[in-house]
2 protein chains.
Amino acid sequence: TGAAIYAPNMGKCSFEHVPVAEGDEITVEDMVLQVVDTPGHTPEHVSYVVIDTSRGTEPVAVFCGDTLFVGDVGRPDLFPGRAHELADSLYTSLHDKLLNLPEHCEVYPAHAAGSLCGRAMAAKRQSTIGYEKRYNDALHIQDREEFIASLTTDMPPAPDHFGRCSAINGRGPALVSSLPTPRALAPHEFAASASRHDTVIVDVRPYSAFGGQHIAGAFSLDMAGNLPTFAGWVVPPDKDILLVTADAGQVSEAVDWLRRVGMDRTVAYLEGGMAAWATAGLPIRHLPQLSAQELEETVAAHAGAIVVDTRAPAEYLAAHIRKSISMQVADIRTRFGELDKSAETLVVCSTGNRSSLGASMLMQRGFMNVKNVAGGVTGYVAAGFSLES
Amino acid sequence: TGAAIYAPNMGKCSFEHVPVAEGDEITVEDMVLQVVDTPGHTPEHVSYVVIDTSRGTEPVAVFCGDTLFVGDVGRPDLFPGRAHELADSLYTSLHDKLLNLPEHCEVYPAHAAGSLCGRAMAAKRQSTIGYEKRYNDALHIQDREEFIASLTTDMPPAPDHFGRCSAINGRGPALVSSLPTPRALAPHEFAASASRHDTVIVDVRPYSAFGGQHIAGAFSLDMAGNLPTFAGWVVPPDKDILLVTADAGQVSEAVDWLRRVGMDRTVAYLEGGMAAWATAGLPIRHLPQLSAQELEETVAAHAGAIVVDTRAPAEYLAAHIRKSISMQVADIRTRFGELDKSAETLVVCSTGNRSSLGASMLMQRGFMNVKNVAGGVTGYVAAGFSLES
């Protein structure tokens with residue numbers, strides 16, 4: 001569009017931009033955006049305080065990125081070795097800067113519930129300084145050291161792609177026009193591409209469809225299940241991606257979502273989907289789906305059945321199915337050796353998406369008797385069974 | 001959907017509803033909506049204060065309808081003979097109720113800029129109590145009598161349909177399923193319908209297209225020009241509406257917009273539009289469009305040319321084209337007799353939409369030498385000509 005890009009001076013971005021730092025002002029008609037350095041979530045983080053000069057001189061709103069969320073604060077623990085330093089900066093950014101804004105000032109964070117950039121974000125997308133001061137638990141920790149400790153211990157997992165973000169953002173994303181447009185590949189061409197070592201198959205269909213039939217080796221990454229986060233987390237970033245979708249219309253959405261986590265290498269999709277694959281006579285795999293009742297019966301009847309809970313550790317600790325073991329989905333990559341490949345392995349998460357991914361990752365590693373619990377822990381409870389904690 | 005409708009007890013609505021009044025609470029999961037009587041814009045007006053019990057006990061937001069707007073307050077002058085009484089109530093609703101909410105409380109009004117329910121609303125859709133307290137001029141009038149006077153003198157015009165709103169809302173809108181679905185009429189059928197006395201033609205195409213060709217007697221109501229307000233204002237509510245649109249896809253949008261101002265009688269549209277009408281050999285009219293330069297030249301050259309400014313009186317008073325006379329578009333219905341039907345009549349507004357409507361209304365009344373100023377006062381100024389005030 002030719003629009004100027006403003007970015008923090010400290011970020012030292014290598015693309016063309018207007019570097020900004022505390023004290024700078026950007027004027028857009030009646031609006032003045034004042035730059036405030038608010039390091040903490042990242043070292044170079046800035047916030048933008050908005051003055052609407054057509055109405056008055058006090059701030060009307062602040063765009064505070066990943067510093068202050070609705071009901072939470074940003075995570076300072078995403079840069080290895082710098083968590084304490086960044087948590088300390090975050091305390092200063094919040095208590096000495098953002099919280100000095102007027103109570104009436106509107107707060108527009110960069111994320112809401114669903115993001116792993118915080119721990120307990122609300123689904124609500126904006127708030128006010130006064131409301132957050134009153135009801136945001138993270139802001140109620142007045143002691144600096146206590147605040148730092150609270151944000152550097154027992155934090156949620158950090159997806160792998162978080163570690164790649166700063167570098168990608170710093171050099172600027174690739175122009176969309178320079179990225180590959182996924183080619184439609186007929187089943188035999190797709191199979192030939194999939195057999196190469198520099199490709200991976202990402203199957204974004206509903207986990208039920210993956211269960212019914214899929215291509216051996218595919219990742220099950222249901223688009224209903226936070227595809228960007230989990231793709232960024234577990235799909236190798238140095239491979240070309242071959243997509244399997246429910247229909248051709250889903251391709252561009254999946255491509256966009258993958259790009260948002262820096263995965264720009266979606267080179268092809270399976271033309272005609274799994275129906276075409278099957279009618280081409282190519283081999284398929286399937287992943288049996290268990291109902292809550294079947295899970296319960298299996299656990300009761302077979303002492304050898306293993307229930308693997310792929311949710312985050314905190315979710316597992318809160319409540320889980322009896323005798324299940326905790327192995328969050330991304331950890332399967334390093335911890336699969338703890339499991340018996342020949343055992344009946346029942347994978348569960350909260351609804352069935354992450355467990356389908358986990359099951360697909362176990363199958364990639366040679367587990368042959370894997371089943372997915374459709375509906376997950378949520379369905380298990382809804383069916384009247386009790387969890388342990 | 002079967003959802004319950006909550007409505008003010010004082011409104012005495014005749015449809016099935018849960019009547020509410022001050023002190024009532026509606027609980028929706030974690031949210032508690034507290035009803036507050038806030039008469040002023042209407043006698044039965046209520047606001048809903050929202051408590052998010054999952055976060056705290058103080059209000060997170062208020063849905064304040066037409067009481068408090070971003071940058072303005074609701075109009076109390078829309079019920080003939082009751083303006084003083086309602087302005088007095090509004091003062092109480094604001095100063096004794098809404099403004100006692102915490103500064104951090106978010107404010108969600110029912111309208112923003114474009115509505116005639118206030119005078120000076122901002123385009124921004126929400127605000128906070130604290131920000132409005134500081135920067136809303138209408139709230140700075142502390143003296144009750146002065147506040148009342150400010151809202152009962154020199155108010156903007158009130159469209160005709162405002163007077164019909166309370167009755168329609170009170171008995172409940174007609175179910176969409178009971179309303180006519182506009183029939184596609186071929187040109188000769190459309191012409192036959194248009195010749196009946198119980199129909200009017202509403203032409204929602206761009207004013208340029210209306211200028212090029214239109215059906216005699218049609219109202220020019222460009223969809224880009226606040227169709228609902230002006231249709232509700234000048235189109236007779238007791239007639240069936242025959243639509244002329246740019247294409248068939250525009251029909252349902254126009255029908256929806258007309259319904260929002262209580263005009264439920266859109267019974268047909270011209271199939272194939274004006275192109276089909278013209279190829280059917282039926283008679284057309286046109287409305288010449290003048291550029292800013294042509295307007296200037298005409299005014300300079302022809303002493304007999306009359307410039308009619310159809311904007312609201314306040315807009316005219318602020319600045320207008322020299323020698324133009326003020327006749328806001330709705331007033332043409334009663335004031336057209338002040339104009340000479342045989343004179344060259346150049347109609348102008350701010351951009352060309354309201355003036356095209358005004359021109360169409362003059363043509364309905366037998367004015368044969370009417371022209372529309374494309375681009376209006378905005379284009380006139382942009383072309384380098386000066387306004388008077």
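This briefing covers how chain A and chain B sit together. The model is predicted. Chain B superposes on chain A with an RMSD of 0.1 Å. The area buried between chain B and chain A is about 2,000 Å², and the rule finds 6 salt bridges across their interface.

**Symmetry**
- Two copies of a chain are related by a rotation about an axis and a shift along it.
- Here the rotation is 180 degrees, and the shift along the axis is 0.1 Å.
- That is the relation of a two-fold axis.
- In chain B, the C-alpha nearest the axis belongs to His104(B), 2.2 Å from it.
- Both copies use the same surface: 100% of the contact residues of chain B recur in chain A.

- On chain B, 23 residues are in contact with 23 residues of chain A.
- Carbon and sulfur atoms give 49% of the buried area.
- Arg55(B), His104(B) and Tyr131(B) supply 41% of the area that chain B buries against chain A.

**Polar links**
- Arg55(B) and Glu132(A) meet in a salt bridge through their side chains, at 2.8 Å from N to O.
- Between chain B and chain A, 18 residue pairs are in polar contact.

**Make-up of the chain B side**
- Four elements of chain B each give two or more residues to the side that touches chain A: β6 (59-65), β9 (106-109), β10 (127-128) and α2 (129-135).
- The largest share, 5 residues, comes from α2(B).
- By type, the residues on this side are 6 nonpolar, 9 polar and 8 charged.

Terms used:
Residues are numbered from 1 along each chain as its sequence is written. Chains are lettered from A and ligands numbered from 1 in the order in which they are written. This is a predicted model: local features need pLDDT of at least 70, side-chain atom pairs count only at pLDDT 80 or more; totals for chains, interfaces and linings use all residues. Side-chain values use heavy atoms; hydrogens and water are left out. Copies are superposed by least squares on the C-alpha atoms of residues with pLDDT of at least 70 in both. Contact means heavy atoms within 4.5 Å. Buried area is the accessible area (1.4 Å probe) that two parts lose on being put together, summed over both. A salt bridge is a side-chain nitrogen of Lys or Arg within 4 Å of a carboxyl oxygen of Asp or Glu. A polar contact is a pair of N or O atoms within 3.5 Å; within protein, one must be able to donate a hydrogen and the other to accept it, and residues adjacent in sequence count only if both atoms are side-chain atoms. Ala, Val, Leu, Ile, Met, Phe, Trp, Tyr, Cys and Pro count as nonpolar, Asp, Glu, Lys and Arg as charged, and the others, Gly among them, as polar.
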